[in-house]
Each structure stands twice: as C-alpha cells, then as structure tokens.
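Trainee: Before we look at the model together, could you take me through it residue by residue and space by space, with the criteria behind each term?

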Amino acid sequence: LVASNARVAFDRAHEVTAAIGKPLMLHIGGTVDSTFMLEDALARLRPGDIVTHSFTGWPPGIIDSTGHVIDAAVDARKRGVLFDIGHGAGSFSFRTAEAALADGFAPTTVSSDLHVANVHGPVYDLVTTLSKFLLLGLPLEEVIAMATVRPATAIGRAADFGTIEVGGTADLSLLKLVHGRFTFRDTRGESRVGDRRLEPVGTVRAGVWSEPSRWGGTD
C-alpha cells in the first residue's frame, strides 16, 4: 500500500508509536520497495512491537532460501518483539509455517484478518485459523492462548480480556473440539488434512448468550 515509500512510512510510524507509547505493527510480505530490507526493519523494532503476516509465503518473509528462520527474526523475538499470524486472503502459507515451527519459531498470537474477500475461504473465521495450528502440531492449550490471553496482553488489556475471574467481564467463547477428517487451505492454494478442528458453540458477553448465526468451516 505504501509502494516505494516503505522506508518513509516505517520511519514515521516508528517515531509516532515511540512518542505515544504504543506498539508498532509491521506488516510483511509483498513489499515492493526494494531499497527497504526486512532485516533492517526487524532490527529497529522494540519490545512489544508486532510483526503480522509473519507466516506469509510472499517475500520478504522470515524464512530464507535454505528453509530456516532468518537471524533478524530470531533476534527480534529475543528482544521481545511479537509475531502475529494475520492470515488474511494472502498472508498464510503452510510451507512457511512448517519451516518456522521446525525451527522452534511458533507465533505469539493467531489472528484471522477476516474481511469480505476471505470470509468464504480460505479464512472463514478465527476458529478455522486456530484449527490449522492444531493440524500443525501445536497443543490445544497453546493455540487457545494465542487467541485469548496473549493478544489481550499485547494490547495492554489483559485485565479486561483473555481471563476468567470473579468480578471480571464475562467475555467468553465456548468451542468444541471435533474429531474427523478435515481439509484446510492456505492462501497459496495448498491444502493439508487434519483430524481435529474447533467449532463455535456460543458466546457470552456481559451475561448475554449468543449462538453463532452461521459458520463457514473448512473445505
């Protein structure tokens, strides 16, 4: 979206977020500014800043030509930079995810980046996105944390969201784990078959129960 102004856009965002004390979110993959290197941007991120679309299959990304996570991403994570999925219509690749996880580089948070162009696939919804990480071998408890307490912590709202405690706001999603044979697609047209998926049952918000009006599911 910023075309050849990627460096200028990053510099401005870096300056503004520092001034207001908020995290900077860096979107990666598909950058057209060849003068702005991902490694340079990662090196400037601060603890609490967020890299989204982190498992994109489009360059520049966190996986190098040898199939391993680049040093700049590893170093950024060690400094406290967070890595988010942001699946979207073009920003999640099974191959990238498999390579990253093989290097022990799991995402910090999982988000769907749901919008009108991907609600009918390959995203469908957040629970389908979470189910892809069950397929990839992550424990259920960790996958749920990636969509609850971790994002709440990332935006400084852990006291309000992502926790269950007496006196807190009832902001709960009830899911069920279903066993079977399910096909999941990434944004590059590749598919994987898993034996589990999460399905929504309902939501409680401030004491009000709501059932899902519809659910896209998998292919």
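Trainee: In which strand does Arg185 lie?

Mentor: This is a predicted model, in which local features need pLDDT of at least 70, side-chain atom pairs count only at pLDDT 80 or more, and totals for chains, interfaces and linings use all residues. Residues are numbered from 1 along each chain as its sequence is written, and side-chain values use heavy atoms, with hydrogens and water left out. Strands are DSSP runs of E with at least two residues, helices are runs of H or I with at least four, and both are numbered from the N terminus. On that assignment, Arg185 belongs to strand β4.

Trainee: Is Arg185 buried, exposed or partly exposed?

Mentor: With a 1.4 Å probe and protein chains only, a residue is buried under 20% relative accessible area, exposed over 50%, and partly exposed in between. Because Arg185 has a relative accessibility of 29%, the class that applies is partly exposed.

Trainee: Over how many bridges do β4 and β5 pair, and in which sense?

Mentor: Two strands count as paired if DSSP finds at least two bridges between them. Within this pair, which forms a hairpin with 5 residues between the strands, Thr183 stands opposite Val193 in β5. The sense is antiparallel, and the number of bridges is 13.

Trainee: Which residue in β6 is the bridge partner of Thr203?

Mentor: Strand β6 covers residues 208-210 and runs antiparallel to β5, to which 3 bridges join it. The two strands form a hairpin with 2 residues between them, and Ala206 in the turn has a positive phi of about 55 degrees. The partner of Thr203 in β6 is Ser210.

Trainee: Against which elements do the buried residues of α5 pack?

Mentor: Helix α5, residues 126-135, is mostly covered, since 8 of its 10 residues are buried, among them Leu130, Phe133 and Leu134. With contact taken as heavy atoms within 4.5 Å, the elements they pack against are α4, α6, β4 and β5.

Trainee: Which residue caps the N-terminal end of α5?

Mentor: A polar contact is a pair of N or O atoms within 3.5 Å; within protein, one must be able to donate a hydrogen and the other to accept it, and residues adjacent in sequence count only if both atoms are side-chain atoms. Here a side-chain oxygen lies 3.4 Å from the backbone nitrogen of Val127, and the capping residue is Asp125.

Trainee: What is the relative accessible area of Ser112?

Mentor: Ser112 sits in the loop between α4 and α5, and beyond its neighbours within four places in sequence its contacts include His87, Asp125 and Thr129. A polar atom of its side chain lies 3.3 Å from the backbone nitrogen of Leu114. Ser112 is buried because its relative accessible area is 14%.

Trainee: Which strand gives the largest share of the lining of the largest pocket?

Mentor: On a 1 Å grid over the protein atoms alone, a pocket is an open set of points with protein on both sides within 12 Å along at least five of seven lines, and lining residues have an atom within 4 Å of a point. The largest pocket is lined by 35 residues, of which Leu126, Ala147, Thr148, Leu172 and Ser173 lie nearest its centre. The largest share of that lining, 5 residues, comes from β4.

Technical notes. 1 Å grid on protein atoms, 1.4 Å probe; cavity = no way out; pocket = protein on both sides within 12 Å on 5 of 7 lines; lining within 4 Å.
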